[in-house]
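Please open the structure in your viewer and keep the selection tool at hand. The stops below are meant to be taken in order.

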Amino acid sequence: MVAIFATIGSIYGGIQAFIWFSGIIKERYFENEILYQRLREINTGLNVDFVESIVGKPAITKRLPDQLTNNIKTEGGEWELIDYPSGVGEYTERIYVHKKYFLQIITNPEGIISSYAVTTRSPDFNPYVPIELYRGESSGKTYPYISNLGLGKMKLSDLKDYEPDSINISNWGMQYFYVESDYFGNPGFYKHYLFGLSPSGCCVDEDVDYKMLELGMDREDISMNNPKVKELRLKLKPNTFGVINGWENKKLLEYLLKEGLGVNYYDIREFN
């Protein structure tokens with residue numbers, strides 16, 4: 001009789017272990033694939049109501065600021081804070097919160113998506129970069145071929161045969177961010193693509209010296225001409241990508257490059 005109960009207990013334990021393991025597989029693969037597919041349906045030019053039918057209502061909605069502040073070096077060599085018009089005050093930002101990602105959507109006054117950005121919050125959630133470009137020459141520029149590269153897995157150096165048009169490296173207090181952008185013309189559907197490290201996301205690598213993001217140099221030195229920037233791109237794994245319509249107000253691209261790609265850390269830190 002004892003042997004029978006022991007056998008039943010073993011079978012029950014095995015069933016419980018199978019259920020537990022199946023739950024992990026479901027969460028890490030099937031749920032992720034469903035979420036990847038939902039994020040793939042998001043694009044610039046769509047009405048925000050359509051997106052909300054896929055991902056739900058935003059946790060935060062706010063207008064972009066009318067004024068920005070910049071730290072300007074004066075002729076005397078001193079730094080001074082200067083306020084100036086942002087040029088993006090007509091846009092509205094919406095932030096969507098999921099346990100595995102943050103989604104930032106910026107819309108024009110008509111509610112049409114001008115830009116969006118996805119930030120992964122989990123090392124096992126790696127949404128695909130939404131472009132596949134070909135290798136080839138066009139207007140003297142070689143474009144990368146990007147296929148099934150996932151946030152938190154790919155490195156910026158995986159974007160082979162290309163150098164970004166713009167780079168910005170900065171920090172919010174002790175929170176570092178990196179962002180780079182490029183405009184791929186026809187192969188990229190006439191949109192700007194941005195890749196970066198956001199302090200709002202996950203996947204901070206121990207083998208990357210993030211203090212290098214300070215670089216301790218003038219803004220004009222933040223370019224691919226700087227060996228430190230090239231070294232950083234060899235290791236850095238972006239946790240955020242963004243897309244902007246190519247015909248949008250140029251100020252919107254400038255704003256995202258300056259203020260950081262994706263959701264602002266101080267807007268969503270209570271969700272982390």
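Begin by selecting Glu 180 and Arg 233, which form a salt bridge with their closest N and O atoms 2.8 Å apart, a salt bridge being a side-chain nitrogen of Lys or Arg within 4 Å of a carboxyl oxygen of Asp or Glu. This pair links distant parts of the chain, since Glu 180 lies in strand E10 (residues 175–183) and Arg 233 in helix H3 (residues 227–235), 53 residues apart. Helices (H or I, at least four residues) and strands (E, at least two) are DSSP runs, numbered from the N terminus. Both Glu 180 and Arg 233 are buried, where buried means under 20% relative accessible area, exposed over 50%, and partly exposed in between (1.4 Å probe, protein chains only).

The model is predicted, so local features need pLDDT of at least 70 and side-chain atom pairs count only at pLDDT 80 or more, while totals for chains, interfaces and linings use all residues. Residues are numbered from 1 along each chain as its sequence is written, and side-chain values use heavy atoms, with hydrogens and water left out.

Next select Lys 62 and Glu 93, whose salt bridge has its closest N and O atoms 3.9 Å apart; Lys 62 is in strand E1 (residues 60–63) and Glu 93 in strand E4 (residues 92–98). Lys 62 is partly exposed at 32% relative accessible area, whereas Glu 93 is buried at 5%.

Then move to helix H4, where Glu 254 and Lys 251 are three residues apart and therefore separated by about one helical turn; their side chains meet in a salt bridge of 3.6 Å, N to O.

Finally, select Glu 52, Lys 57 and Arg 94, which are linked in a network of salt bridges.
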